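Please take a look at the side-chain contacts in this structure.

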Amino acid sequence: MKSHEVFTLIEEITRLDGSKYMEISNMVQNGRAELAAERGMIKQVRIIQLNIAHTEHVAKYEHYINTHYTMPSENFDRFQEWKRTPEMEQEVKKILRENHIS
C-alpha cells in the first residue's frame with residue numbers, strides 16, 4: 001500500500017560520504033531519518049524549515065512520493081533515499097526557492 005503523507009517541512013540529510021541534499025518531508029519521515037542516523041545509515045538529518053506552505057509544487061512532489069514510495073516501519077534495515085525524476089527535481093528546487101532556501 002502506498003503512503004498518503006502530507007509534507008510540512010524541509011530537512012537536510014547528510015549521507016555517509018559527507019554529501020548533503022535537501023528533502024521535503026514531514027515529522028514522521030524526519031523521525032525515520034533520525035532513526036537512520038542513530039543506526040549509522042546516514043550521518044545526520046537536520047530540519048531547515050518547519051510549517052512550509054502547501055503550494056502547488058509541494059502538492060505535486062507529495063503526489064509523486066506518495067505514488068512511488070511507502071512509509072518505512074520503525075524496524076527498517078536501510079535508509080531509502082527518494083529518487084527524483086528531472087521534473088520532480090525541478091519541483092523541489094521551486095519549493096526551496098519559495099521558502100528562500102537555495
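Predicted model: local features only at pLDDT ≥ 70, side-chain atom pairs only at ≥ 80, totals over all residues.

Residues are numbered from 1 along each chain as its sequence is written, and side-chain values use heavy atoms, leaving out hydrogens and water.

**Aromatic rings**

- The whole structure holds 3 aromatic pairs. Rings of Phe, Tyr and Trp (its six-membered ring) pair if their centres lie within 6.5 Å; planes under 30 degrees apart are stacked, over 60 edge-to-face, and the rest tilted.
- Phe 7 and Tyr 61 form a tilted pair, because their ring centres are 6.1 Å apart and their planes stand at 50°.
- Phe 7 lies in the segment before strand 1 (9–14) and Tyr 61 in helix 2 (residues 56–68), so this pair ties together parts 54 residues apart in sequence. Helices (H or I, at least four residues) and strands (E, at least two) are DSSP runs, numbered from the N terminus.
- Both Phe 7 and Tyr 61 are buried. Buried means under 20% relative accessible area, exposed over 50%, and partly exposed in between (1.4 Å probe, protein chains only).
- Tyr 69 and Trp 82 also make a tilted pair, with 6.2 Å between centres and 35° between planes. Both residues lie in the loop between helix 2 and helix 3 (86–98), so the pair ties together parts 13 residues apart in sequence.
- Tyr 69 is buried at 12% relative accessible area, and Trp 82 is buried at 10%.
- One aromatic cluster takes in Phe 7, Tyr 61, Tyr 69 and Trp 82.

**Charge over a ring**

- Arg 39 has its charged end over the ring of Phe 76, 4.9 Å from the ring centre. The rule asks for NZ of Lys or CZ of Arg within 6 Å of the ring centre and within 35 degrees of the ring normal.

**Salt bridges**

- The count is 6 salt bridges. Each is a side-chain nitrogen of Lys or Arg within 4 Å of a carboxyl oxygen of Asp or Glu.
- Arg 46 and Glu 12 form one of them, at 3.1 Å from N to O. Arg 46 is in strand 3 (residues 44–50) and Glu 12 in strand 1, 34 residues apart.
- Arg 46 is partly exposed at 42%, whereas Glu 12 is buried at 11%.
- Arg 84 bridges to Glu 23, with the closest N and O atoms 3.4 Å apart, and to Glu 89, at 3.3 Å.
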